[in-house]
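Subject: Structure handover and notes

Hello,

I am passing on the structure we spoke about. Please look through it before reading my notes below.

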Amino acid sequence: MLQEINTQNFEAYSQDSQNLLIEFGAEWCGPCRTTLPGLKKLSEEQDALTVAKVDIDESQELALKFSITNVPTMILFQNGAEVSRQVGAMSHAQLVEKFTAK
């Protein structure tokens, strides 16, 4: 299930999830809406990966903290540390290729 993260619950998610993929996006963002179905499918397929989204308009502090200048931006965290980042819309296949263990 695709989780929703905000400034208030970010720390809990980042500490509780060994592998956490966050999509930073916005309601008004067309490419974000294009990526959303792939993220939802990925969240249902991958038990070892927590998949979440952050609305940058509602959680501006997180957007600033991670220097989000374009949306969508996907960041993969492992044990709380950023290990990978991708900017731009992605299909489900691209998400799997980029953010899941081989």
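This is a predicted model: local features need pLDDT of at least 70, side-chain atom pairs count only at pLDDT 80 or more; totals for chains, interfaces and linings use all residues.

Residues are numbered from 1 along each chain as its sequence is written, and side-chain values use heavy atoms, with hydrogens and water left out.

**Sheet**

Five strands form an open sheet in the order S1-S3-S2-S4-S5, with mixed pairing. Strands, like helices, are DSSP runs numbered from the N terminus (E, at least two residues, for strands; H or I, at least four, for helices). Two strands count as paired if DSSP finds at least two bridges between them. The edges are strand S1 (3-4) and strand S5 (81-87), each of which pairs on one side only.

S1 and S3 run parallel and are joined by two bridges; Gln3 has Ala52 of S3 as its bridge partner. S2 and S4 run antiparallel, with six bridges between them, and Ile22 stands opposite Ile75 in S4. Six bridges also join S4 to S5, again in the antiparallel sense. The hairpin of S4 and S5 has two residues between the strands, and Asn79 takes a positive phi near 50° there.

Five of the six residues of S4 are buried, so this strand is largely enclosed by the rest of the structure. Buried means under 20% relative accessible area, exposed over 50%, and partly exposed in between (1.4 Å probe, protein chains only).

Two helices to note here are H2 and H4. Contact means heavy atoms within 4.5 Å. Axes are lines fitted to C-alpha atoms, for helices over the stretch in contact, and angles run from 0 to 180 degrees between N-to-C directions.

- Helix H2 (residues 30-45) touches S2, S3 and S4, and its direction makes about 160° with that of S2.
- Helix H4 (residues 92-99) touches S2, S4 and S5, and its direction makes about 150° with that of S5.

**Cores**

A nonpolar core is a set of buried Ala, Val, Leu, Ile, Met, Phe, Trp, Tyr and Cys residues joined through side-chain atoms within 4.5 Å. The largest has 17 residues, and those with the most contacts inside it are Ile5, Ile22, Phe24, Leu62, Phe66 and Ile68. Two or more residues come from each of strand S2 (19-25), strand S3 (50-55), helix H3 (60-65) and strand S4 (73-78). S2 gives the largest share, three residues. Another core, of 11 residues, lies apart from it and includes Leu2, Leu49, Val51 and Phe99.

Not counting residues up to four places away in sequence, Leu62 touches Ile5, Asn6, Thr7, Phe10, Phe24 and Val54.

**Two residues**

Phe77, in strand S4, is buried, with a relative accessible area of 3%. Its bridge partner in S5 is Glu82. Beyond four places in sequence, Phe77 touches Gln18, Asn19, Leu20, Ile22, Phe66 and Glu82.

Glu23 lies in strand S2.

Regards
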